Every structure is written in structure tokens, then in C-alpha cells.
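Please open the structure in your viewer and keep the selection panel at hand. This tour goes from one stop to the next and says what to select at each.

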Amino acid sequence: RREMAAKAEVRPRPLELDPIASRVELAFWEDLRRLKLDVLGTDDSPIPITGYYTPCTHPKMSGLLRLGRESLVPPSASSFGSRNSCPVPGTLINMNNMRGLQNLDVEYLLREEAKKILHDIMYGKIEEDPSLLLRFLVISFADLKNWKIYYSVAFPSLVFKSEMTLLSLHSASLVLSQEEAKSLSKSLKEWRSSNETAALPFFFVDISLDSSIAIRQLKDWKDCQDNGQKLLFGFYDHGCHQDPGWALRNYIVFLSLRLKIEKIQFLCYREKRSELDLEKSLIGEASFPPPHGWDYSDYVPEAIGWEGEKPGDGRKEKKLKEINLESMSPERRDEEQQLMHLKLMGWRHFPVDLKNLSGIRCLLLGAGTLGCEVSRLLMTWGVRKLTVVDGGHVSMPDVLKQSLYVDDDCGVPRATAIVPHLKERCPAVDVEAIQMEIPAPGNPVSPSVLDDCERLQTLVASSDVVFLLTDTWESRWFPTLLCANENKMAITAALGHDSYLVMRHGAGPGTRSGNMDDVIAQIQNLSTEDALGRQRLGCCFCNDTASLFNISYLLDLIGLQSISDETVALPGLTSIVSGKAVELFARMLHHPEGIHAPGDMAGMDTEHQLGLLPHQMRGSLPRCDLSTVISNSSNDCTACSNIVLSEYRREGLNFVMQAINQPTYLKDLTGISNLIKSDTCLKLPASFPVNSGKLSSARCLLLGAGTLGCDVARILMDYGVRTLTIVDSGCVVVSNLARQSLYTTKDRKTPKATAILEHLKERCSSVEVEGIQMEIPMPGHPVSSKEAAGVLKACERLQELVATHDAVFLLTDTRESRWLPTLLCANENKIAITAALGYDSYLAMRHGAGPGTNSEGSDMVAAMNKLSAEDVLGRQRLGCYFCNDVIAPVDSVSNRTLDQQCTVTRPGLASIASGHAADLFTRLLNHPDGIHAPGDIAGKSSERPSGLLPHQMRGSLSQYSLLTLVGYSSSSCIACSNAVLREYRSRGLDFVMQVINEPTYLEDLTGLTELMKSADYSRVEWVDEVDDEEFADM
Ligand SMILES: [Zn+2]
Ligand SMILES: [Zn+2]
């Protein structure tokens, strides 16, 4: 760079300017991050921001434009008095993804900003607010997931068609007389220290003949004219170099267009120790012929000004600055990551009340199978205060079923063992665990039972919600009574061996008399309605629920003729029930009437964004059904009726002890015999036999080790599967921890394919599990010639993996990654099970069998080419995941907003889908026709002991629907049709590579291109695939 040596006269030359730089403080990005996450959501419309322009205040350091925390809020009155930070209006365009940022037409945007400046010049706004000449633009992408920001800043500068000529340029000290210099210093000091003018970066210097100097604002232009004086056009110059600063160009355009000037003397104001720096400040002369055509109202001027680019660099790819926010407040970062999926739900669906959720205290009674799942899922909903009560110990067979425990926990009280497992998934959780048996009627009295009763009273009183997750019916009695008495939310989840019940208890009774201070009146005047005057909903003792549960199916499933009298729940059931219980809780919490909300029925219309809030849900795996039930509080209920509650209010624990000690006491009191149910009560299994030959010998390939992969792997092991191969390309990140049931904080940044092995082993040492870190090749993701060899290798690997396994589970989170495995399974006639999640709906399906052949004899070539439309049993083939689609999979990730990239789904949904997927697999394996079995529809009766075997199950959380569907293989399917399989058989991986590289090839091959031309198909995003609208069509 040329230094200030050139103090001598310069010859006329084109005016060159010193570009300005930006300095964006981390605090600005941190606040933008928060704004995006909490407020803006998917909105990417431009945001007005404020930059702070500083003149050069040091001989060797340039000034700049600063963006800080205050830039995202409108400037306050006080910010205008600051001499070294003049507020300047700017625009921020923050895009939703990287591709969006890269695709911005940066030249166009720059010209649009320049047009605003031009407009302000022509319409006289500059005189009122000179800072408008310094207007700037920021484009960015805040990658919230990875704590990165990518951005670029522009200072739009209008380009004159005819050149601006610099006639002379000198240090101010050489131009001004001593007297003038002194006077100028003094006047500028006053200007710079007045609140009114300090932040105005453009001004006139009016030098009278007697060398006295006045500094005037642009709006006082009239006062400066025709006094025969010398006039300097002054501005705060950010630069400290030889050329005048960037601000001069727009200033000249203003002077030319608005004030019709063609030649000026200008002053570049630069400062040293808060005084005019006469050596560094420049006085120059420039001329500029008037431009033509700029006064058309829609004229769009040429503009330059992207930071770091020289004029004439042209339209090449924008170089973006990259900021890493990971160093910002790490302690808060982890927690924010864990809650991000909930905040993202607010982007499109409904705002989660995180404050309420994090403050609410949940009491979990039972830390077994249900307790583990429910506590983990509550954390994914942002619950941070848990109290867990359990009296048992972790035993060896529990480790498989109870998702949090590992081998090392055996023999340890569950109440002790659960705490570290919750903490290592969510360090911010505040969990208290209490080892205690819950006092139950009819149980032998232990010496501590009175203490335990008192303790439970205190616990319920200090909690907001109580989850009843114990494994006996009678242990739910006292907590149910306490919740009804205290009007606390209570949620019951109960497992039969193949069916379940999830319900919320109704509110407690209101009182009839007005005088709340009168204790006696409160006891005796219990209303049959709740405090809102509504009929109370029932509790889990109000109805005969025990009949739900029978035992025959499982015995057949696992091939046992008899089993101990303990009820054994199907492994997939726990996940399904826990997911629903937690969903019910979240729904109730967000309902304006909370515990008093009336019960909704499935299929009803609702205005609540979260969907329906039923009273009870009952479901059965073999019948593939889900029903919602409403029942009111019963007058003779042993737990929540007014008779029982007034007795409890009168007698307190004496009453409870009596009920515990005398089995007939409650019966006599209420006149019924509800508690007889305790004879047939629900009991969770102490052990689940895993000796089903088919299951233990099945080799399962799981594609994806994320939320679905973790759950499916665990449930399959619980069903008895002992050979698992797991493929995944990603690493464990903090935001996954609570959702992906197997990982802990120790796994952070470890490949999932590695981390999952240890976690499966520590639950079942006899499992043979292999992890493969590999990206599944995907259509529509063209590869460079360098990458081609690696992708080809991955294809071969996947071919080999599918060939050597009996069943493939498709559990990845993009549509396109399921294409090649689907094709391979159809080709090899392998069992393929898909589980996929929408925002609040899920899909679990089994793909149909591959095609049979039409050829006679043993001619292999003929066999290859004569694929039949039917399977080898001569049945119509069932469809695959892609059969309903009309477009080939393409890159579905780059254009997505963050919430789409993260596949925002409601917590609990993955558990439910995984449970159904694993259950579907075991059902298929036990079906005599296996992969060739036709698809059953719910409602049909089945002669098979294992019940129905559907083709597809689609469920919606908000509607409480569960549909079974049958779809047949489509002749234009891009993954399983004969056209595709034939091509694959004859060309092998050449074909696959072509599909990967040519986005439209598959569509052309299968005739989908023609199909699309003939009808108006709109593109369906994968995440929306199981949306409500679609249900209506089926
Ligand atoms: Zn009841
Ligand atoms: Zn298909």
C-alpha cells in the first residue's frame, strides 16, 4: 500500500477509495442464534439491523463498521451521542440453509440496497439522516446445529457511469493556514462533542474569508451558498491510508444528484487523541460530470461493495466468513442443544412451553421397564425435575427390557442405579431417587409402612404430576387416592402381555359448600363434580381394566406350551406405551384446562395445535388397534370416590392403614369388590424367555443407529435376536443424547456405529453385534470421479451385507438413503422393515417379496429377464416404501430448513414407531408364509395365535389413529419394480452408479417422467409423507 509519502500535488487520476471493513462481535451472532431459534423460526425475510461506524481515531489503525449485541435492536436515543460509533441502518438476510445462502443473487441484492440509497438521495432523506449513505447489507446462514455462522458483508457503493476524477489530494496540514487549522480543530471538536451532531458522519466546513470556520449539517445547505467563502465537504473517514475512505463515493453521488455540484473540495476527517489529526486528514479536490438517466424512479444503479472483493472480480462463488460459536458459554450450550428439537417444533407446529416443562416436578412411581422409558422421554420433552420411587433391585433379565440399566447394575437398587443413567444423558436434570416400596392394600405390613405412607403423602403433595408405572395393580391404589385428594395430575401406564392401557386420571372432587375454612364442611360436602363444575373423569380403579389383559398370544409366539403364571409383556409394547404416556402428559400440560380438560375421542375435530387429549387409550398389538375411551369417576370406586376421599380426609393414615391391613375394608366401605382385581393384576415379567429359535438365529441388518436404530436394536434383543449388524455414518452429538436411548455424554463425537456396540453388549453379553461406519450411497447425490471408487465400494459392501442377513431394517432419516437397500432386498427376496417418522405421525411397514420368474428350465439368463409380476408363491407382490411415490429420490437435505434437517418429531414418536417395527418383524417371522404373507387389515379376525400381520401401519399422535394399509408393488416403482430389477440384474453396479449420478434417470426408466407430465404431481417432502391429508386419500 502506498504510504503518506505523497504529500506533493498529484496529477489528475481516477478517484480511488479505501474499502471499509466490518467487525462483527461474537455477541451479535450469539443473539442472532437465539433470535432464530426462539423467535424467527423458518422466517428468512430481511431484518433491519444497526451497524456502528467509527472514524479513524488512530494514525495507524483504520476505523470500521461494528456489529454488536445492540445491533439487533433499534438504536436507542443514547447511541446517537457517541462520537465514535455512529448508528448506520443495515439489512440482515439470514437464510435457512447453506444452499439458500450460496444461491442468493448477491449482485442483485447489492443493487437493491444501492437503489435504496439512490432513492434516499433523490427524495431528500439524506439531508435528514446522512447515515443512510452508509447503508450496509449482511447475508448469513446460522447453522444452529453445529454452532457455526457463515456470512458476508457488503457496503453498497453507487457506481457513476462517468468517472470521478481526483484533481488533487494533500495532507490537511499542507492546505490550511495555521489560523484555519486552529479554527477547524476547534469547530470540529465542538461538533464531535455535541450530542446533536456527534453521530453525523457527513457535514459542511464553511471557511469565511477571515478564516473563521463553521461546521454545518447537510440540511443547512442553503445557508452555505454564495457567501463567497471556501467550502469543504467533510466526512468522517474510517481509513488511515493515502486514499480517501469508502464513504466518499456515495457522498459524491449525493452532492452530484441532489445538490447538482460537479466539483468539490472535500475533507477526510481523521483523528488522533480525540483531536483533528492535521497530518493524516486529507483535503482533496474531485470533479464528476453529471450522470444521465439516474432520475428515473425505477432506475437500478450499478453497485460494488462486497467486503473482500475488488471491483471487477465478477460473479464467482462468494467467499464466506465462518464463525465458530462453540466457545461461547459451553455450560449453557449442552442444555440448549438438548432442548433444540423442542424449540424447532415451534418453527412449524406449536410453541412448546419450555419454561413450564422445565419447572414442573414429575413423580415416577416405578423405575422398571416403564419407569426407564418414561423418565428418559420426559427429559426429551424438557422436563428437568424428576423424583423416582422404586423398591426393587436391578436383576439380570431386567437389563434387556429396562432400557437404562446395564450389566454392572445387577443387584443394585433400581432407585440408585437409575440416577447416573439419567444424568449421563442429560446433565441438567435434577433427579431424586427414593428406595421405597409403595404401600398397597392386602400386602403384609412391613414395620416401615406408616413411614412410607407419610413419605408418599409428602411426595405427592410436592409434585405436579404423578406417573403410575409400578408392576402391580394394588400398588397404584394409594397414589391414586392421594392424587384425587390433592387434585394432582396422574397418568397410568399399564402393560398386559400384548395390550396396553394409558390413561390420565380425572380431577379430584370440588366442594359443595362455600366456606373453605371449615374443615368439616370440606370433608363432608365433596361434590360429584370437579372444581370447574364438570363431571369428574375416572381413575384406573374406576373401571374394569383387568380384562384387557390376557396371556395366550405370547405363549404361542415364543413357542412355549406353558409358562409361569407371571404375565409377560411383548418387548415392543413398553416403547409404545411409554411414548403414549409421555405424549398424554405433554398434551395435558399444554391444554388450557389442564387436569380439568374433558376427554376427547379419536376422530374428533380439535382446535388445539397439539391435537386431541383423550382420557384413556387402549391398544392391542395382535389386533393392530388403538381406541380412545372416556369414563367418568365411579361412585363406588375404591380409590377416587367421594366415600373414600371423605373417609381419608376424616381419618387420615388410620384409614389407609386399615385398608392395607384388612382386605375387605375397602370393599365394605364402597360396597363393591374392585380390589379383587389384585388377584388378576398386572405383573411385569421377572424374566422373558429368549429361546425362540427363529428369533435367536435371525441375522438382522440395521441401517441407521439414530433414534430409531437405538430403540429397534434394543427391542429386537429383548425379543431374542442375537445377531445384529448396524450401519451408520454419523457421530453422537449432544442434541441426540436424550432422544437416542442408548448413548450417553461419554459417547459425544464417537461414531454411532462404534458407540452402539458397547451399549448393546452391556445389556446382553451374548449378542453378536458388528458396527459399520459407512454412508449409504444415495440417488441424486452425484459423486466426483475422485469419490466414485469409495461410493462403488460402499455399494458392494451393502450388496454383501444384504445378501448375508435375513432381515434389513431401514431406519435412516432421509428418503433417498433407503433406495438402494430397498432395491437390494427386493432383488434378494429379503425381509425389509421400514420405520419412518413425520412430525407427529409414523410409518412401520414391511416390504413385499421380490418377483418370481416366468422362465422354464434352468436358463439363468432367461430367468434374469423374465421377471414375473407375482412373487414365487404366485401372489401379487406387496409394495415397498417407494411404491406410492411418483418421483425419484433426490438430495432432500441441502434445501431444508434446520427443523426439517433434524427431522423434528414429537418426543415419544420414535419409541412408538420402533415398537411397532420390531413387533411387525417378529410377527412376520412367525407367520407360516413369512415374507410372502398377505397384508392383514385391522378389524379382520385372525386364526393365527399371533394375531394380524399387516403390511403397513400408519399412526398419528395428534389424531390417535392407527391405520393398517395394504399397497401392492407398483409397476413404475423406482426401487422394486421389474423394470428396475431387470436393469439392476443385467448391469449391476453400473446401473446403480448411473442412478446416483443422474437425477432423472430412474424416472425415465420407470416411466415416471411420462406419468408426471400427464398429471399435476406436486413434490411431497419426506417428512410430510404421513401427514393427515394423506390419510384422507387412502
Ligand atoms: Zn376411581
Ligand atoms: Zn416399490
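Begin by selecting the donor residues of the zinc ion (ligand 2), which in sequence follow the spacing C-x2-C-x89-C-x2-C; bear in mind throughout that this is a predicted model. In that selection the zinc ion (ligand 2) is coordinated by the SG atoms of C880, C883, C973 and C976, at 2.2 to 2.3 Å. The angles among its four donor atoms run from 98 to 120°, and the site of the zinc ion (ligand 2) is tetrahedral. For comparison, the ideal angle for four tetrahedral donors is 109.5 degrees.

Next, select Y251, F585, L724 and F921, which touch the most other members of the largest nonpolar core, a set of 225 residues. Centre the view on F921 and, leaving aside residues up to four places away in sequence, you will find that F921 touches L695, A698, C700, L716, V721, A807, F809, I831 and I833. A second, separate core has 44 residues, including L703, L810, A826 and F882.

Finally, select helix α8, residues 247-257, where 11 of the 11 residues are buried, so the helix is largely enclosed by the rest of the structure. Among the buried residues of α8 are Y251, R249, N250 and S256, and Y251 was also part of the selection made in the largest nonpolar core.

Conventions
Residues are numbered from 1 along each chain as its sequence is written. Chains are lettered from A and ligands numbered from 1 in the order in which they are written. This is a predicted model: local features need pLDDT of at least 70, side-chain atom pairs count only at pLDDT 80 or more; totals for chains, interfaces and linings use all residues. Side-chain values use heavy atoms; hydrogens and water are left out. A nonpolar core is a set of buried Ala, Val, Leu, Ile, Met, Phe, Trp, Tyr and Cys residues joined through side-chain atoms within 4.5 Å. Buried means under 20% relative accessible area, exposed over 50%, partly exposed in between (1.4 Å probe, protein chains only). Contact means heavy atoms within 4.5 Å. Donors are N, O and S atoms within 2.8 Å of the metal (3.2 Å for Na, K and Ca); water is not among the atoms, so sites may look incomplete. Four donors count as tetrahedral if all angles lie between 85 and 135 degrees; four count as square planar and six as octahedral if opposite donors are over 155 degrees apart and all others between 65 and 115; anything else is irregular. Helices (H or I, at least four residues) and strands (E, at least two) are DSSP runs, numbered from the N terminus.
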